[in-house]
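Work through the exercises below with the sequence and the structure at hand. Each task is followed by a solution in steps.

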Amino acid sequence: MATIAIVGLGYVGLVYGGAFADLGNSVWGIDIDVEKVDKLRQGTMPIYEPGLQELIRRNVEAGRLRFTTDYAEAIPDAEFVFICVGTPSTLDGDADMRAVRAAAETIARHLSGHTIIVNKSTMPIGSGDFISALVEQLKPSDATFAIVTNPEFLREGSAVYDVFHPSRIVLGAEDREAAERVAELYRVLDAPILITDRRSAEMIKYASNAILATRISFINEIAQICEQVGADIKIVAQGMGYDPRIGPLFLEAGLGFGGSCFPKDVRALAAMAERVGCHPQLLHAVLEINEDQRRRFVRKVQELLGDLYGRPIALWGLAFKQDTDDVRESPALDVLRMLLQRGALVTAYDPAAMTNAAREVPDARYAPDPYAAVVGADALLIATPWNEFKQADLRRVKRLMRTPIIVDGRNIYEPAEVRSLGFVYVGVGRGH
Ligand code: UGA
């Protein structure tokens, strides 16, 4: 059993806090947000993540997981301190390191004895060295420490499953013994453990997200060609995926990638590359295709409806993907904004993300359920592939709409089936 402090209670920090406690460790979760910590103490989750509430609750009840805003309460006794604060994009595409810097400074001041500081936040390559220098400068003179980079590969929406079933554990350290000690925390999870230098570990995270984003832009480009030549991207992706060198995952064409990771990390990697004199043409293209994908979708709606001014449109989906309430860089929100700019009267619905969406786009209308959103609509747009939409009663939808048109930005329906119900149906890359 180890004593662990987790700094930053976003989805990464909370999921790892819960998981390490579940594995029998004694865990403190620290956040500077007083309200968030109060809520967590009462068992209320600050984010929607399937299984998280249950994971947190059982460990709080067992006394293995506690929350505080006070570093002094948690850091001095911790053997391991995990930095899990956010690194959002700055305006020029770099990672914003202010939260990391603030966390590292405060951790440093509270160190006592020997502590292993583990970077889980996605940080530019070289950040491990930066934190090391910062902590060295600010720590009490008798305290010692080691820095280990440990990128995380959790997916929002399935983070609680992912944390117990990791594809790999990557540890980057100059101090092999420190990496081995962190490895011990994960040993029970039965995943390959790769111990390497810090910079390679930092790059593994960026390169992994970048190749996944690349696959999405690639398949979206192929989808565009499919539309012109009369091929069906779903079948094309299936046929490609049987080749083990290609594999079936991350070949879903649609509105492209959003969320707090892919767009920010690809931009940050491109910005880092430029700074060191490389010209990452592929990364720029990946981002450009991704942004175009949203505009192309709105153009399709315009081609079907003509002028959008004053037209009632239903939008199903606001989250950047299913099973989350996260709307950061959500393609759905971009589509919503573009429709509103063109004067459309949009009524949106999402099973989990409406509160967050209404904060970002207050001038849209939000419906209490998917059917209320489609009443009198001239088109129904699908922007997030929630199961609720896949299972919707489309006959009922058709009766409620003014014009039965579906523009499916996530290819959740089969064109022939939907057309047989009397809809005009347009998907992404479904060229026949
Ligand atoms: C992603 C990675 O998958 C995680 O491994 C990583 O840890 C995480 O970023 C991170 O860096 O924190 P996440 O952003 O939660 O996880 O979501 P994904 O499931 O990867 O989806 C990202 C976006 O790509 C979503 O908007 C999704 O709709 C889109 N997508 C995904 C597609 O358009 N097509 C696909 O085939 C797959």
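**Exercise 1.** Decide whether W386 is buried or exposed.

Solution. Step 1: W386 has 26 C-beta neighbours inside 10 Å, so W386 counts as buried. The cut-offs are 20 or more other C-beta atoms within 10 Å for buried, 12 or fewer for exposed, and partly exposed in between, with C-beta atoms placed from the backbone.
Step 2: Locate W386 in the loop between strand 12 (379-382) and helix 16 (387-390). Helices (H or I, at least four residues) and strands (E, at least two) are DSSP runs, numbered from the N terminus.
Step 3: Leaving aside neighbours within four places in sequence, W386 is in contact (C-beta atoms, placed from the backbone, within 7 Å) with G317, Q322 and P351. The C-alpha atoms of W386 and G317 are 7.4 Å apart, although 69 residues separate the two along the chain.

A note on the model: it is predicted, so local features need pLDDT of at least 70, side-chain atom pairs count only at pLDDT 80 or more, and totals for chains, interfaces and linings use all residues. Residues are numbered from 1 along each chain as its sequence is written.

**Exercise 2.** Find which residues of helix 9 meet helix 10.

Solution. Step 1: Take helix 9 as residues 198-229 and helix 10 as residues 233-241.
Step 2: I219, I222, A223 and C226 in helix 9 meet I233, V236 and A237 in helix 10.
Step 3: Sorted by class, this contact of helix 9 with helix 10 has 7 nonpolar, no polar and no charged residues. Ala, Val, Leu, Ile, Met, Phe, Trp, Tyr, Cys and Pro count as nonpolar, Asp, Glu, Lys and Arg as charged, and the others, Gly among them, as polar.

Notes
Axes fitted to C-alpha atoms, helices over the stretch in contact; angles between N-to-C directions. Contact = placed C-beta atoms within 7 Å.
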